[in-house]
Amino acid sequence: MEDPSSANPLGEPADESGLSRRKFLVLGTATAAAVASSFAARRLPAETPVAPLAAPTTETPWMAKLSLRVNGATHALELDTRTTLLDALREHLRLTGSKKGCDHGQCGACTVMVNGERINSCLTLALMHQGDEITTIEGLGTPQKMHPMQAAFVKCDGFQCGYCTPGQICSAVATLREIKAGIPSHVTEDLSAPAKLTTLELRERMSGNICRCGAYSNIVEAITEAAGAKDQA
Amino acid sequence: MKFDVPATTNPIDQLKVVGKSPDRIDGKLKTTGTAPYAYERHDVAPNQAYGYLLGSAIAKGTVTRIDVDKAKAAPGVVTIVSTLDVPKLPLGMRNIAQLFGGAEVMHYHQAIALVVAETFEQARSAASLIRVEYSRAPGKFDLAAEAPSAPLTGPAAPGGGDASRINRVGDFDGAFAAAAVKLDAQYTTPDQSHMMMEPHASIAAWEGDKLTVWTSNQMINWAKQDLAKTLGLPPENVRIISPYIGGGFGGKLFLRADVVAAALGAKAAKRPVKVALPRPMIPNNTTHRPATIQRIRIGADADGRITAIAHESTSGNLPQGRPETAPSQTKLLYAGANRLTALRLAVLDLPEGNAMRAPGEAPGLMALEIAMDEMAEKLGLDPIEFRVRNDTQVDPEKPERPFSQRQLIECLRQGAERFGWSQRNPKPAQTRDGDWLVGIGVAAGFRNNVLMKSAARVRLGKDGGVTVETDMTDIGTGSYTIIAQTAAEVMGVPLEKVTVSLGDSSFPTSSGSGGQWGANNSTAGVYAACMKLREMIAQKLGLDPANLEFADGAVRAGERRVSLAEAAGEAGLSAEDGIEYGELGKKYQQSTFAGHFVEVAVHSFTGETRIRRMLAVCAAGRILNPKTARSQVIGAMTMGAGAALTEELAVDKRQGFFVNHDLAGYEVPVHADIPHQEVIFLDEADPISSPMKAKGVGELGICGVGAAIANAIHHATGVRVRDYPITVDKVLNGLPELV
Amino acid sequence: MKPFTYERAKSPAEAAAAATRQPTAKFIAGGTNLLDLMKLQIETPTHLIDVNGLGFDKIETTPEGGLRIGALVRNTALAADARVRRDYAVLTRAIVAGASGQLRNKATTAGNLLQRTRCPYFYDTAQPCNKRQPGSGCGAIGGYSRQLAVIGVSDACIATYPGDMAVAMRVLDATVETVKADGTKRSIPIADFHRLPGTTPHVETVLAPGELITAVVLPKPLGGKHYYRKVRDRASYAFALVSVAAVIQPDGTGHVAVGGIAHKPWRVEAAEKELPKGAKAVAAKLLAGAKPTEDNAFKLKLVERTLGAVLAAAKKA
């Protein structure tokens, strides 16, 4: 295995503040200048094995302090800058409803809503979501108080193993909003007309959520059912 | 409970709960993100560290040196276990490729090092600092090149020589030569990947010399036995916990590298370690469905009666690997006095080939059922009529063995009726819808019913609630729900009063999930345990067990009615039993059948195929829960659509690896590929199969559907493609010329 | 993924300057391709400059009657814009043919232009790839190349540009506006923006180090009928085998560009003169000099026939 860093030697990044890497990168709505001036000392987690800490290398992580608003609650976090939103949710906030199926934006199991829009949480950094309203499957509903989309998935058996299911449901909720907002899709015939809620449209718009169990036919029924329930409400 | 005579009327036949379609009892958890999968168990084994696996960059050879110094010095790294730190570990009973340990590399992306670090980001980054030196050995990676010299694998007759490894009934060669109408064609299916949505993942924690693993595995007891063997532990020191499994399809039947690496990593780190296979590593690190090259010969008389049928298949695998048994259904599906089946197996240095949803039948029927369509065409017969003429109610190789139930013809006839088959123009390439060429196709579906012993423990609590414990798994199949239905039916309690705990090796050993054997066997085991519990209740209450009625949460004997809560008493009652099978499986051939119907449209310019309609009519014994059973069937039909149209692990024949090893490169069906799917279950109960009178159904849906799609494409375009997947490039040349 | 520092840029010049100061820095906007590649250590920036706050998120009408699309306009917003749908439908069609709803919500106009190839050998760091590691060789040549380029290829690289949006922009004669670290701005015709692989397949565009895309400008509408016909193995969420972007006028003339066959959106203006003669004539000129592999030779016929489908539809309309 070739080490990419040796092929393309990485120098120590320029650091205007002159502070070492063993520092926090503190993020806020601040400008870059404010970021640079608000470095604070890096604290090692208490359980870190005691080993002489080598001089900072290109491998030394940069830590960032940030706060995330998830399902209406604000969480203060100290994260490696490399932490994706998905890993922040699953590993740090222990909201494991959002799933890691591929970690590369190829399956949709990690779909969450950010400010009402669905995204792949595996392909975005946690530190880029300060101030955003993040909604995960846990925020849509609970076993005791299910969201109509969740209830429709149960009723229509729109899942089997359950692993893609939270992503499918988040995507489905956002899809209905996208149709309502008139956003066109690949199968929208008339770009000048409002988007329609048809099974063809649902299938195309849900295609970023792979279900290997093959519950697609039932998922589309569930979404149709939930959409109908909503319209009547 | 020994099951060795056909079932008579029993408590399941009440069908108050069994046979109904309640929502899945685990549905609320799965749809709210609260069902915990293996990698998500923050609630167990505190202080978990993150493991990240490195895979071999070569397909065959040896690892000569692994330099972990830089990686070890990387921040947050707790420990590194390299394959050179560990001796070659004993193989599990069911493993072919080495999972970890030793210098030998048997396939690409074989796990060769595990980095354990405080965070996932640190572990992943440090893994890239490991320098590995290899000594490459030449390997064989091209099935087509190896096929001509691939040896036969069947059992040789004593003194019969190599030719006796061919399975023959009657005189195939003579009958085929004499047949009025003949087909001799080759079909190929590619390597395929399970691509279940949840990557293989495990958390391992040691307590002294006892190991607990939270993992994602279909067969708990196999995993326990094989992990113990691999690590040299007594099996009782190993506990496997796997209550939720994000899909398996055969890919999680066996012990895999994540489990072994997590266990070794946890030992070295002296703390719990969790490991998930990165998606791009899965196709080459784990198992796959092997590619096949199949030759089918069918001879028939002028009336369309098969006189000779031969199905030979060649596949490849690592040394000690098994062949893909593609001809298996051909031994049983159609009549014909003169028969031949044979398997050839080439040694290939690709990753391990092993079971994927309906091994054998899935690729076998993809070939056989095109061949049947081609024969029907040659004979000028309707493809359904051709199949009807060649139906058999007995095992054609052993006519003394009848099928326990066989309603293939009824499946095809009902399907034809429902699908509008009579409207079909027998001539291909006649129907147009704008730029699209439209066709319909049919194929028979066939999959055997496998009997496996299966045990469970059932407890009656002081509240009258029933708890079932078994190491059975629910991989999306609906096991939780049908087991609850079974217990509710036998114990006479509402479904809500049943709690089901699965996937823990501390529970009685079940059939596990695989080969569509899970539903029938595991519920039969639960039935046995419940019947034992009924006896205990009768005994405790001093009642005659023969004349009891369990209903509405109470047991009744004549005028006497005792609530189950009262019967349980403060201490509760617990019974453990299982189902074991006698000779019925030998006396009768137990199989499941389907008629698959598909309508496709093929774009007349571009050759894109889009499926418009799909119908499966299934005869698979008693359907325990039509809702979850239907889901199994549509899911398998979807996977079959992928197999027919897009799925192929592309082999780099120089480097020896599957190139498109992620979910972007390996294209499984998406929503837009799948239309509304219809499933009909014939009303059937098979008293030969088990007290449940059920059979498997989870794989039947993939068996035959690919060929139905291929046949529909032929009907739409007149282009006969015998090489899966049927992508645009294979259809283009047969489409109408551009004007 | 290698550790990196992160800053939020507050002005384009500052972003470009920061990038110039640190040769191993990268701009990040949507991040959908960059983070994918960083996880595999195909991209290893040590500093990320988040440009999302720069405000290039508007679609404005230009004095010439065209549209200026901010570099940060998300794919979804661009595809849904009423002016784009009305006057540049080929662009809407191309965008919604790509990726998934989730990815389009995040992916930006500039990022989409810059997305890197999906060649599986580029993505597998154990394999040689001149694009990923100059001089290491090309695994795809002689390997599995079904998805890869058939024209404009070199002995060093047969990768394709994977995007859809840029193919439509090519047909619309868009220009890419940028700003360099020293504050100079320039407009790059889309035809010149992506490069052919040649001997330097790792250099994919004409952007200078630190140069930041600020907008894509569309000239005034072309009129005509707009088509984006994408052929792929599955029905959605897949990269193109071949795609055809076309604007066809009532008299049968028009513009055509093809995706999925080259290291850049492929357009040969001279071939467009053949449009009235039909798809075969156009394809013959468009694909002159093609050098397909055994695996992907079918793409030549597929281009011809996909264009045939487009022209047949235009005739009917």
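Modeller: A polar contact is a pair of N or O atoms within 3.5 Å; within protein, one of the two must be able to donate a hydrogen and the other to accept it. Please keep in mind that this is a predicted model.

Biologist: Which side chains does the polar contact of 2.7 Å join?

Modeller: The side chains of B:Ser513 and B:Thr473 are joined by that contact. B:Ser513 is placed in the loop between strand S23 (498–501) and helix H13 (518–541) of chain B.

Biologist: Is B:Ser513 buried or exposed?

Modeller: B:Ser513 has a relative accessible area of 4%, so it is buried.

Biologist: And C:Asn75, where does that lie?

Modeller: C:Asn75 belongs to helix H3 of chain C, which covers residues 75–80. With a relative accessible area of 4%, C:Asn75 is buried. Between the C-alpha atoms of C:Asn75 and C:Lys264 there are 19 Å, and the two residues are 189 apart along the chain.

Biologist: Changing topic: how many aromatic pairs are there over all chains?

Modeller: The count is 16 aromatic pairs. One of them is formed by A:Tyr163 and B:Tyr37, with 5.1 Å centre to centre and 85° between the planes, an edge-to-face arrangement.

Biologist: Where in the two chains do those tyrosines sit?

Modeller: The pair crosses between chains. A:Tyr163 is in the loop between helix H5 (148–155) and helix H6 (165–180) of chain A, and B:Tyr37 is in the loop between helix H1 (27–31) and strand S2 (49–55) of chain B. Both A:Tyr163 and B:Tyr37 are buried.

Biologist: Which residues form one aromatic cluster with them?

Modeller: B:Tyr244 and B:Tyr480 form one cluster with A:Tyr163 and B:Tyr37.

Biologist: Which charged end sits over the ring of B:Tyr39?

Modeller: That of B:Lys274, at 4.2 Å from the ring centre.

Biologist: Finally, how many cavities of 30 Å³ or more does a search of the whole structure find?

Modeller: The search finds eight. The largest cavity holds about 130 Å³ of space.

Biologist: What lines the largest cavity?

Modeller: Its lining has 16 residues, and those nearest the centre are B:Thr609, B:Arg610, B:Leu645, B:Thr646 and C:Asp233. Strand S29 (609–619) and helix H16 (626–645) of chain B are the elements that each give two or more residues to this lining. By class, the lining has six nonpolar, five polar and five charged residues.

Definitions and conventions: Residues numbered from 1 in each chain as written. Chains lettered and ligands numbered in written order. Predicted model: local features only at pLDDT ≥ 70, side-chain atom pairs only at ≥ 80, totals over all residues. Heavy atoms only, no water. 1 Å grid on protein atoms, 1.4 Å probe; cavity = no way out; pocket = protein on both sides within 12 Å on 5 of 7 lines; lining within 4 Å. Points joined across faces, edges and corners; volume = space filled by probe spheres on them. Helix = DSSP H or I, 4+ residues; strand = E, 2+ residues; numbered from the N terminus. Nonpolar A, V, L, I, M, F, W, Y, C, P; charged D, E, K, R; others polar. Phe/Tyr/Trp six-rings, centres within 6.5 Å; stacked < 30°, edge-to-face > 60°. Buried < 20%, exposed > 50% of the residue type's maximum accessible area, 1.4 Å probe, protein only. Lys NZ or Arg CZ within 6 Å of the ring centre and 35° of its normal.
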